[in-house]
Amino acid sequence: MGEKITYETIFARSFSRYDQKKLGYGAFLGCLLIALSFCIVFKPYLGPLPVLNMRMSMDVGLNMLRIMDSFSSEKLRGGDISSSMTTIVTETSSSEIEMVEESDTTGTNETISNGTKVINNKNSSQQKEMKTVCHVEESTEFCEMNGDIRVDGKSSTVFVAVDTMVANSSWVIGPYARRGDEEAFKRVTKWSIKSGVDAYEEAPQCDQRHNVPAIIFSTGGYAGNNFHDYTDIVLPLYLTSRQFDGEVKFLITDKNPWWIEKFRNILQKLSRYELVDINKEVNIHCFTSVIVGLKRYPKELKIDPSKSPYSMKEFRQFLRSAYSLKKENAINMKDNGGKKRPRLLIVSRKSTRAFTNTNAISGMATRLGYEVVVTEVDSHVARVAEMVNSCDVMMGVHGAGLTNMVFLPENAILIQVIPIGGFEWLAKTDFGEPSKDMNLRYIGYKIKTEESSLIQQYPPDHEVLNDPYAVQKRGWYEFKSIYLQKQNVNLDVDRIRATLLRALELLHQ
């Protein structure tokens, strides 16, 4: 440091102040002339400068983003993020990678907003942007694209066709909202999203052009299980498509015709257009806006109104509209004056986790003052929705059938009967917590060992009856085979009577 100061001091003393100014002006003009000459000579060989050079594998890039994702702890997989893109990294529950591809990068604009650094390249003469934003969250990943988008169902590829010399980028995504579940994704087709000069050269010509956005999603995974139908597909599809008010086209991959038929009312309410079985399409479908994958929140059957323009209340109103359900509020016994009985729906099951003394339960509930309906829910959603909506109290053993609580009227009561097995956490996560967001009153009834049919299959000192956590440690499949598939319930009528009396008290409030 001392040598540098001495050198600069000696250098300065050899010139007068006037001479220093002349030298500075001359040097500045000389640099401009050299730079101008350099640009003229080498201009033919120069391409667009990258905003941010990230020539690394998507595995490395996403693992870096994963560190900033406060919720995610699983390995992220994907393609290749290259240059000519704007990258947004937010320290929230989700990571976003935004790729902005432009024909020129003559100017750079950097902004900082809400802790998020955004670097955008803008062409002063051409403002058109081809944009792809991919979101990686705990339970889902989805990509949003705008521009010249071409969808090739035969190869399960989406091309963002850009006629400009930009570097290539790609992404591989399974459009099903249960990210990280390897078992589910065995039945989900992976889609490739490609952009850049190679994508432009490789992109096939359009056969059909559409003037509405498109959403690509899968009906594979765990579709067919009523719980997963709603939490993995129906609710995420609502969150993703509702913004378009019906002006959106659904491109379905891994299409299951029975699933489409089951939820036809909901699909027709969300989209005014014919569904496309994209895997069977030989035509190239072109759009100006496409979303691949579905939005969802990490918790089951959940909408966070602080992060979404929608809520579970609005979702349930949407369902009532889709199925023309008449009952909006549960009965209020205080206002009713005892003129009308509250309706109790007992959800029966034919095989596992079935009530074995339904008649005794029903008779006792009738004597308490309920109008009792006993039925098994099936895939005829319209019929089930009407039945559930007509009731004030719904009671059933933990299982996918309880998902139909989405059709209960406001302030209704859900009674979940929890078998032995130490999975109270599962009962709470799947139905207990979600019911509160639906403006339902929740009562959990944990059965005693004597109320389980497992006492007839195992001796009193067996670990199945006394230490279910030891069974859990041996894996999900063993746990499931015993506690979910071999167990029925014989309710203690006197014990459950107290629970039904509590429900009546709530209906008087």
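**Pocket lining.** Helix 13 supplies the largest share of the lining, five residues. I took helices (H or I, at least four residues) and strands (E, at least two) as DSSP runs, numbered from the N terminus. Helix 6 (226-241), helix 7 (257-262), helix 13 (424-437) and helix 16 (476-484) each give at least two lining residues.

The largest pocket has a volume of about 1100 Å³. Of its 40 lining residues, N225, F227, H228, A400 and W476 come closest to the centre. A pocket here is an open set of points on a 1 Å grid over the protein atoms alone, where a 1.4 Å probe fits, with protein on both sides within 12 Å along at least five of seven lines; lining residues have an atom within 4 Å of a point. Points are joined across faces, edges and corners, and the volume is the space filled by probe spheres set on them.

**Ground rules.** Residues count from 1 along each chain as its sequence is written, and side-chain values use heavy atoms, without hydrogens or water. As the model is predicted, local features need pLDDT of at least 70 and side-chain atom pairs 80 or more, while totals for chains, interfaces and linings use all residues.

I traced an open sheet of five strands, order 17-16-18-19-20, with parallel pairing. Strands pair if DSSP finds at least two bridges between them. Strand 17 (371-375) and strand 20 (441-446) are at the edges with a single partner each, so one side of each lacks a neighbour in the sheet. Strand 18 (residues 393-397) and strand 19 (residues 413-418) pair over five bridges. M395 has I415 of strand 19 as its bridge partner.

Helix 11 (residues 358-368) lies across strands 16, 17 and 18, at about 160 degrees to strand 17. Contact means heavy atoms within 4.5 Å. Angles run from 0 to 180 degrees between N-to-C directions, with axes fitted to C-alpha atoms, for helices over the stretch in contact.

Buried or exposed, V158? V158 is buried, because its relative accessibility is 0%. Buried is under 20%, exposed over 50%, partly exposed in between (1.4 Å probe, protein chains only). V158 sits in strand 8 (residues 157-161). Among its contacts are R150, W191 and V292.

R150 belongs to strand 7 (residues 141-152). R150 also counts as buried, at 8%. Its contacts include P204, H285 and C286. A polar atom of the R150 side chain lies 3.1 Å from the backbone oxygen of P204.

How values were computed. Polar contact = N/O pair within 3.5 Å; in protein donor to acceptor, adjacent residues only side chain to side chain. Lists of a residue's contacts leave out its neighbours within four places in sequence.
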